[in-house]
Amino acid sequence: MTNGKKDLVANWQTLQRIFIRPESEASRTALVKYMQQILFGLHDFLKENVGITREASLLELSQQFTDSRINKNPKKKLEDVIRGLIEDIAPHAVNVASPYFIGHMTSAIPFFMVHLATITAALNQNPVKLETSKVVSILERQVLAKIHRQIFVLGDPFYKEHVQNPQSTLGNFVEDGTLANLTALWVARNVCLNPKKGFSGVEKEGIAAAYRSHGIERSVVLVSRLAHYSLRKAGGVLGIGNENILPVDVDENNRIDLAGLVRTVDRIRENDNKTKILALVGIAGTTETGTVDPLPEMAQICSENRIHFHVDAAWGGPTLLSGKYRHLLAGIEQADSVTIDGHKQFYLPMGCGMVYFKDPYIMNSVAYHAEYINRPGSVDLGIRSLVGSRAATSLVLGSALDIMGAGGYGLLIDHGIDTARDFASEIQKRPLFELVTAPQLNILTYRIFPPELQKAWQAAGPEKKKALNNRLNRINIRVQRQQREAGKSFVSRTTLKRTREEDKVVFRAVIMNPMTDPDTLREILDEQEKIYQDSFLSDK
Ligand SMILES: *Cc1c(COP(=O)(O)O)cnc(C)c1O
């Protein structure tokens, strides 16, 4: 229909026009019109749709997107593209901004994030090097120092010395938590398998030569079994082997079992001189249960045994900005490296992972120089970083910190934790439910455990318990699925694996949307009760 219009022909003149800044009043108006279309269009869409997603099967959807050819000539005008995205794509995407979407670590974002992301895109700076970013790289160093200071609290002289010192690296912006964890273990690996006489380091000579010259056969990373799988990916990429990311059991509070950890460390140190412990990882907010490992004790073990201590605070990191709950992360200041995701509890748009290092020189172990791009001694941020070209996400985070202040972020954190605690007590009040893991931060798990089955459970022996547990799992899987398919609310589902217990299927709730309040949560429980009653009690 729009085909054939002359501005839709891919000719040289129309192509040049899209790179030229608007000079006439009419083209300025067009720019504003498109932005309005995006902002208001999405706003109206979100206002009208409190539900999670429109009912349509993935199969149905995938059959509509099977064209693998690029159209030769332009097909649509910008205006039509935007309308299409809002009218046809958005309704079938997931409304993560809904207060009823409490299943994952992705949520509503403050409206100004869209504006900040737009400025970043418009400036199109590339912090890989100074020549493509200038003040933006300098600003990034300041943002890194601000978060570093929240974590490590090293005082004015330290930050004065390092904030703009080209020789120091306080941290990196990367794409996500996965790359942040990979960066941390990359550094830990290179420090552990460092150069020595006759060996120029693992980065240069590879893992086989490193093991040979260090007289070992493998290196391992110890972490609780609730670790995020990005650590196993890092094990694979770094040549350590993902089987050598060793899971340590957790205690009844889902924190790494300290006695078990000490036993493992001692066994390796005393009886296994062919194995080196490359790092120990503490989790500040596990992905499944939101629990925080005993960081001070883990730090102690690391310092006694001279092991790199990494804290994966991808989720929990911003808790540091809450005066009320900061203490829950005590011990994080003793870490050697820390991961924090900006696109989680800093409420940034996707694509903001961060990794921080206590020692501002430790990243020299991963420094790279290319003649044409990163000259030694320059402040080019690409020298000590896993990623090359990237968006200047620090502009968004730095601006958001200016707008929100630590206090603003603190309020969001407090709301999440307080609401999660409130939700936990509501769950405990209802006979149909069992609270499985209480919230330490703002994540909790629970399941349907009907009173009659609870009674049967009390009297059951091991075999009977196993059967009952299977039945409970089936119930919870079905209720979660039906709620998701109904499309009004979304709570995720996971399987908690414990050594001495049956695998438990549980609902997992992540409370981070400030619009999610106790009433929202009661409605979600009401709906689950109703689904259970309709599908399990009626067909008896
Ligand atoms: C989310 C998360 C990650 C991974 O982060 P991505 O940004 O999804 O790559 C790692 N560790 C923990 C504890 C997380 O919660």
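Me: Hi! Which protein atom is 2.8 Å from an oxygen atom of the ligand?
Reply: A polar backbone atom of Gly-177 sits at that distance from a ligand oxygen. Keep in mind that this is a predicted model.

Me: And which side chains put an N or O atom by a ligand oxygen?
Reply: Lys-344 does, with a side-chain N or O atom 2.9 Å from an oxygen of the ligand. Asp-176 does too, at 3.2 Å. The protein buries 89% of the 380 Å² that the ligand exposes when taken alone.

Me: Nice. Which residues around the ligand come nearest?
Reply: Out of 15 residues around it, the nearest are Gly-177, Thr-178, Asp-312, Asp-341 and Lys-344.

Me: What classes of residue make up that shell?
Reply: Eight are polar, four are charged and three are nonpolar.

Me: Which helix gives the most to it?
Reply: Helix α8, residues 177-192, contributes three residues to the shell.

Me: Switching to α6: how far apart are its end C-alpha atoms?
Reply: They are 25 Å apart.

Me: Which of its residues are buried?
Reply: Among them are Val-136, Glu-140, Arg-141, Leu-144, Ile-147, His-148 and Ile-151.

Me: What do those pack against?
Reply: The buried residues of α6 pack against helices α7 (156-162) and α13 (393-429), plus strands β1 (171-174), β6 (337-341) and β7 (353-357).

Me: What happens just after α6?
Reply: Val-153 follows, with a positive phi of about 45 degrees.

Note on methods
Residues numbered from 1 in each chain as written. Predicted model: local features only at pLDDT ≥ 70, side-chain atom pairs only at ≥ 80, totals over all residues. Heavy atoms only, no water. Near = heavy atom within 4 Å. Polar contact = N/O pair within 3.5 Å; in protein donor to acceptor, adjacent residues only side chain to side chain. Areas by Shrake-Rupley, 256 points an atom, 1.4 Å probe, with all protein chains shown as cover. Helix = DSSP H or I, 4+ residues; strand = E, 2+ residues; numbered from the N terminus. Nonpolar A, V, L, I, M, F, W, Y, C, P; charged D, E, K, R; others polar. Expected span 1.5 Å × (residues − 1). Buried < 20%, exposed > 50% of the residue type's maximum accessible area, 1.4 Å probe, protein only. Contact = heavy atoms within 4.5 Å.
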